[in-house]
Amino acid sequence: MKRIIFILLSNPLSLLGLFLVTLVIILAIFADFIAPFPEHRGAVVDFVNFNKAPEWPYIMGTDLVGRDIFSRIIYAYRISLLLGVFVLSIAVPIGVTMGLIAGYMGGKTEYILMRITDVFLSIPPLVLAMSIMGLLEPTLINGMLAVTVMWWPWYTRLVYNIARSEKEEGYVLAAEIIGASKTHIIFREILPNCLPAIVTKMTLDFGFVILIASSLSFLGLGVQPPTPDLGSMVAGGATYLPDSWWLTVFPGLAILVAVFGFNLVGDALRDVLGAD
Amino acid sequence: MPTSFIILFKRLFTSFIVLIGVSMLIFTIARIIPGDPARIALGPNATLEAVANLRANLHLDESIIVQYGYFIWNLLHGDLGISLYTNRPVLLDIGQFLPATLELVFVAGFIMVAIGLPLGAIAARYRGKFIDHVIRILSLLGVSAPSFVWAVILMLMFAFYLPIFPIAGRITDSYTIQAVTGFLLLDTLIAGEYRAFGDAFWHLILPAFALALSGIGQAARLTRANMIETYDKPYIEMAQSYGFSEKRIASKFAFKPSLIPSMTIIGLDFAAMLGNAFLVEAVFAWPGLSRYGVAVILRKDLNAIVGTVLVISATFLIVNIIVDLLIAFINPRIRFSTRRS
């Protein structure tokens with residue numbers, strides 16, 4: 001553990017990643033204290049200061065109804081991160097369990113489970129989420145559900161491949177010989193060896209959940225106004241390009257910064273943990 | 001080659017099962033939603049009788065299994081039902097919009113391979129050097145923004161501030177091209193209108209790049225990782241000790257085996273691109289499946305949603321079969337048993 005932290009801190013790129021991730025998390029948690037205009041996260045209208053280019057105190061300008069874009073970005077981060085926590089804390093246990101079972105049991109169980117996974121994997125993630133979202137009412141909870149439904153198969157696939165090769169290892173054979181139960185072998189013997197790969201993927205996925213959620217709301221199928229969301233902010237401003245560039249560019253960059261941070265950390269973790 | 005026929009057949013069979021699964025999944029989602037599709041289609045002012053009639057027409061009163069049976073029966077006859085949004089057969093609607101989307105995705109896929117693979121190979125060849133770090137940052141940046149953000153940024157830079165490329169659309173309105181395939185790049189050539197071909201190509205560049213950027217990053221990273229792994233193999237060491245030039249080792253011995261895992265992922269990336277095309281099309285007002293897809297989703301047009309998802313998934317499966325065949329073509333050692341995952 002100490003070694004891992006040391007390596008992460010000694011590489012400038014992963015240091016930058018850690019900095020960006022910490023920054024985004026702090027902004028999200030302490031949004032109420034950091035945002036210059038906390039009330040602008042809701043349906044506030046200020047027609048005196050609408051559509052203003054960046055100038056003090058609106059460092060990223062204001063939107064079409066006069067709300068501070070910087071404040072709204074901070075609150076959007078909070079929702080994006082919550083979404084990430086929600087999606088991964090449901091999708092990862094399901095996906096990992098399915099992958100472990102398919103990889104270790106083999107035979108018919110493997111065939112059926114992996115074909116089900118294939119079904120989910122062969123619908124483009126965004127299209128699957130869109131159709132679920134479109135058929136249900138577009139609320140935040142449904143958005144989380146839609147993203148969760150498309151997320152677990154990736155973990156099944158990842159863990160399945162590791163479990164399939166791990167089960168041939170000597171330690172699994174040893175456990176089988178002393179009569180350990182299947183549950184014990186799957187969760188206490190094989191699972192720990194999948195953890196580096198799972199942790200790496202989760203770090204990367206935090207970024208990708210933010211990405212896909214913003215894509216959904218960009219199409220008008222995600223978080224609904226007036227709740228601030230990076231995707232719908234970009235969509236709302238896109239028609240006012242190039243004159244009111246701050247409406248789209250800052251929310252767009254905000255997505256880039258957050259996802260880039262998670263990617264840098266995940267990439268560094270992959271190198272350190274040797275996970276694929 | 002009889003073995004590749006067996007491979008192809010087995011893959012086709014699996015893909016067929018997966019496609020059935022997709023149809024069941026999307027059909028179930030479409031049918032368990034709250035709200036009456038017949039009522040939504042006819043609007044709040046329709047009489048109870050009209051709603052009941054439409055329900056009977058759409059077999060909505062039968063059990064879900066019977067409904068699925070009707071659906072499959074019609075599907076086998078090439079009938080995906082009538083779109084409640086456009087009042088036209090769904091297949092006709094999709095046939096009209098799909099080519100534009102496919103054209104965009106294919107060109108983006110080509111850009112992804114043509115730029116991503118060489119970048120990854122260069123990064124692996126100069127591992128740990130300055131250029132490797134630059135490529136790493138660039139490819140990470142590429143995957144770090146959704147394609148609509150890249151679309152907006154590219155549009156601002158290369159259509160507004162530096163007006164090199166057109167802002168939106170597929171082709172300048174003054175050209176009227178007879179639609180044969182629906183792919184403008186082909187149709188213009190068939191019509192012999194080379195200036196229109198150039199114009200359509202020019203329109204494609206920005207959207208295709210916006211769509212390809214995240215794929216380029218992924219392809220580059222993957223190729224780099226695979227090539228580094230290959231570089232550690234004994235036969236590379238042997239080639240080095242024989243005194244083959246570094247260039248020859250890189251291009252001949254290390255690159256080809258690394259292609260195989262990359263290609264599998266590129267096949268999967270194609271699915272992401274089909275989805276992301278929705279985002280890029282929205283920014284560039286590209287007349288593809290995106291606007292239709294979003295419109296039918298917002299209107300809960302069941303037949304159209306099911307049809308759209310089914311056609312997109314089928315496209316994806318076909319592309320993956322092609323990728324598998326290409327892999328078998330590159331590496332004759334690859335047999336079905338080792339590629340089942």
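Guide: A charge sits over a ring if NZ of Lys or CZ of Arg is within 6 Å of the ring centre and within 35 degrees of the ring normal. The model is predicted: local features need pLDDT of at least 70, side-chain atom pairs count only at pLDDT 80 or more, and totals for chains, interfaces and linings use all residues. Residues are numbered from 1 along each chain as written, chains are lettered from A and ligands numbered from 1 in written order, and side-chain values use heavy atoms, without hydrogens and water.

Visitor: Which ring does the charged end of Arg125(B) sit over?

Guide: The ring of Tyr126(B), 5.0 Å from its centre. In chain A, Lys201(A) lies over the face of Tyr155(A), 5.5 Å from the ring centre.

Visitor: Now ring pairs. How many aromatic pairs are there over all chains?

Guide: Ten. Rings of Phe, Tyr and Trp (its six-membered ring) pair if their centres lie within 6.5 Å; planes under 30 degrees apart are stacked, over 60 edge-to-face, the rest tilted.

Visitor: Why is the pair Trp245(A) and Trp246(A) edge-to-face?

Guide: Because their planes are at 85 degrees, with the centres 5.8 Å apart. Trp245(A), Trp246(A) and Phe250(A) form one aromatic cluster.

Visitor: Is Trp246(A) buried or exposed?

Guide: Buried, at 7% relative accessible area. Buried means under 20%, exposed over 50%, partly exposed in between (1.4 Å probe, protein chains only). Trp245(A) is partly exposed, at 30%.

Visitor: What about Phe165(B) and Trp202(B)?

Guide: That pair is tilted: 4.6 Å centre to centre, 40 degrees between the planes. Phe165(B) is buried at 16% relative accessibility, whereas Trp202(B) is partly exposed at 38%.
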